[in-house]
Every structure is written in C-alpha cells, then in structure tokens.
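Try each task before you read its solution.

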Amino acid sequence: MQFAEDGFGSRARIGLVYIASSVVMEPEMYAMAPAGVSIHTSRLHLPEVTVQGIDAMMRSPQLEEASRLLGEAPLSVICFGGTSASFLHGSAWDQALTEKLKEWTPGILAVTTATSVLDALSSLGVERVALATPYIDDVSLRAVKWLEENAHPVVSWEGLGVSTDWELAEITPQTVYDLAVRVDRPEADAVFISCTNLRTVAVIDALEQALAKPVVSAVQASFWKCLMLAQVEGAKPGYGRLFDEAPR
C-alpha cells in the first residue's frame with residue numbers, strides 16, 4: 001500500500017536556532033526541501049536589528065537554552081540561523097559560536113549561517129562580491145568587514161536601513177530583486193544577499209538569469225550546507241547555481 005508524503009524527516013532532520021520574531025527561514029527551507037527532510041526550530045529574543053541589539057541577543061543565556069532544548073531531538077544537524085549575529089564580531093566570533101553549539105548539542109553536527117555563506121562562496125569559486133542587505137549601515141559595514149577578512153573583497157554594497165525584525169519580513173521579493181540588481185557590478189563574481197528574515201529564495205533563479213552570475217542568499221546557503229552535512233543530495237530545482245553547480 002502506498003501512503004501520501006507526510007513531511008517526516010526520514011532522510012534528515014535539520015535543527016534551526018532562530019530569532020523569535022523571524023518568520024522567513026522555515027518556510028523558505030521547506031520550499032527548497034526534498035522529500036524526507038524536516039526542519040525543527042528553537043527560538044531566542046532579538047531586541048532590535050542593531051549592533052547593540054544583536055550583541056545582547058548573542059550574550060543572553062537564551063542562546064544556550066534554545067540550543068540545548070533543540071538538541072534533545074534526534075537531529076542530523078543544527079544550524080544557527082542568523083547572518084548578522086554570526087558575523088557580528090568577525091570569523092573568530094563565528095567559530096566560537098560553532099564550538100558552543102557543538103558543546104551544547106553533543107553528537108549533532110553544527111554550523112552557522114556565516115560559515116555556510118563563506119563555504120558557499122568558496123564552492124562557487126567566488127572572490128569579489130556585491131553585497132545586498134536590509135540592515136542599517138552599522139550592521140552592513142560589519143558584513144563588509146567580515147567578507148573582506150575572509151578574502152572576499154566587497155566591490156559594492158547597499159543596505160535598506162531596516163532596524164526592526166518584523167519590518168525585515170515585510171520587504172517584498174520584488175524589492176529584494178531590485179536591490180540585488182542595483183548593487184551588482186560587472187567586476188563582482190557574485191551577489192550575496194544577507195539576512196535570514198529577508199525573503200530571497202524566490203528571486204535567486206530570476207536574478208541569476210538577469211545578472212549572468214551566481215547569487216547566494218543567507219537562507220539558501222544555510223540550507224545547502226545543512227543538506228551537505230546531512231549527506232542529502234540536492235534540493236528542489238529552481239533555487240540557484242549553488243545547488244546545481246557547487247561541488248559537494
């Protein structure tokens with residue numbers, strides 16, 4: 001007897017430590033997910049999308065609590081799903097976060113969005129980057145510094161100046177598309193769209209066709225890396241060169 005697909009994580013279960021007020025990452029992951037991959041989330045409070053607000057969230061005991069609670073489930077991999085929060089103080093900060101996740105969730109593979117993005121750019125052979133963000137300038141400049149300290153010169157960047165998490169999710173895919181087109185330069189090897197509460201995956205394929213270069217988004221890269229760690233091949237078609245071309 002054949003039964004209908006029920007969404008159970010028979011191939012992989014991805015754990016997501018995510019921001020309490022954010023609503024984009026889970027549905028975008030499910031949009032890309034092949035059958036048999038499920039997403040399970042634990043959350044923590046973000047006061048505001050500023051350097052001070054992000055820093056406060058990452059130093060809160062909620063981070064450890066959310067991670068440990070998530071780690072009670074039989075997961076394949078855990079991802080910290082915050083871009084600015086994982087690059088805020090550079091790569092050493094991001095690596096320390098990964099080690100904390102491993103400590104708090106023993107036996108489960110762990111990764112962050114920042115690490116996923118760097119691995120995605122490297123896998124696509126990208127050096128120079130055009131950066132699109134929804135952030136205020138203080139946070140965007142942290143992204144520029146982080147990319148450049150990891151050998152990805154930022155040839156152009158633009159932020160939308162948003163400082164509240166709810167507003168991030170209200171930004172339309174058309175606005176994201178227009179921002180990415182605006183920020184692109186001929187000398188950029190790829191466009192990177194930051195933020196895991198920004199709707200991006202629906203426009204990646206259209207952008208790659210329009211710009212004739214790879215487009216990497218924070219959610220897309222995070223999901224790609226989680227699938228790789230869980231040893232699950234591919235995603236649904238239509239979500240970018242990262243899934244189609246990047247070596248595994």
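This is a predicted model: local features need pLDDT of at least 70, side-chain atom pairs count only at pLDDT 80 or more; totals for chains, interfaces and linings use all residues.

**Exercise 1.** Find how many bridges join strand β7 to β8, and which residue stands opposite Phe 192.

Solution. Start at strand β7 (residues 190-193): three bridges join it to β8, and the two run parallel. Strands are DSSP runs of E with at least two residues, helices are runs of H or I with at least four, and both are numbered from the N terminus. Two strands pair if DSSP finds at least two bridges between them.

Residues are numbered from 1 along each chain as its sequence is written, and side-chain values use heavy atoms, with hydrogens and water left out.

**Exercise 2.** Work out the strand order of the open sheet that four strands form, and why one side of β6 and of β8 is left without a neighbour.

Solution. First, the order is β6-β5-β7-β8, with parallel pairing. Then check the edges: β6 (154-159) and β8 (215-217) each have a single partner strand, so one side of each lacks a neighbour in the sheet. On average, neighbouring strands here are turned by 15° against each other, direction ignored.

**Exercise 3.** Decide whether the two faces of strand β3 are covered or open, and find what stands opposite Ile 78.

Solution. Recall that in a regular strand the side chains alternate between the two faces of the sheet. In β3 (residues 77-80), Val 77 and Cys 79 lie on one side, with Ile 78 and Phe 80 on the other. All four are buried (under 20% relative accessible area; over 50% is exposed, in between partly exposed; 1.4 Å probe, protein chains only), and both faces are covered. Now turn to the partners: four bridges join β3 to parallel β1 (residues 12-19), where Val 17 stands opposite Phe 80. Four bridges also join β3 to parallel β4 (residues 109-112), and Ile 78 stands opposite Ala 110 there.

Key. Axes are lines fitted to C-alpha atoms, for helices over the stretch in contact, and angles run from 0 to 180 degrees between N-to-C directions.
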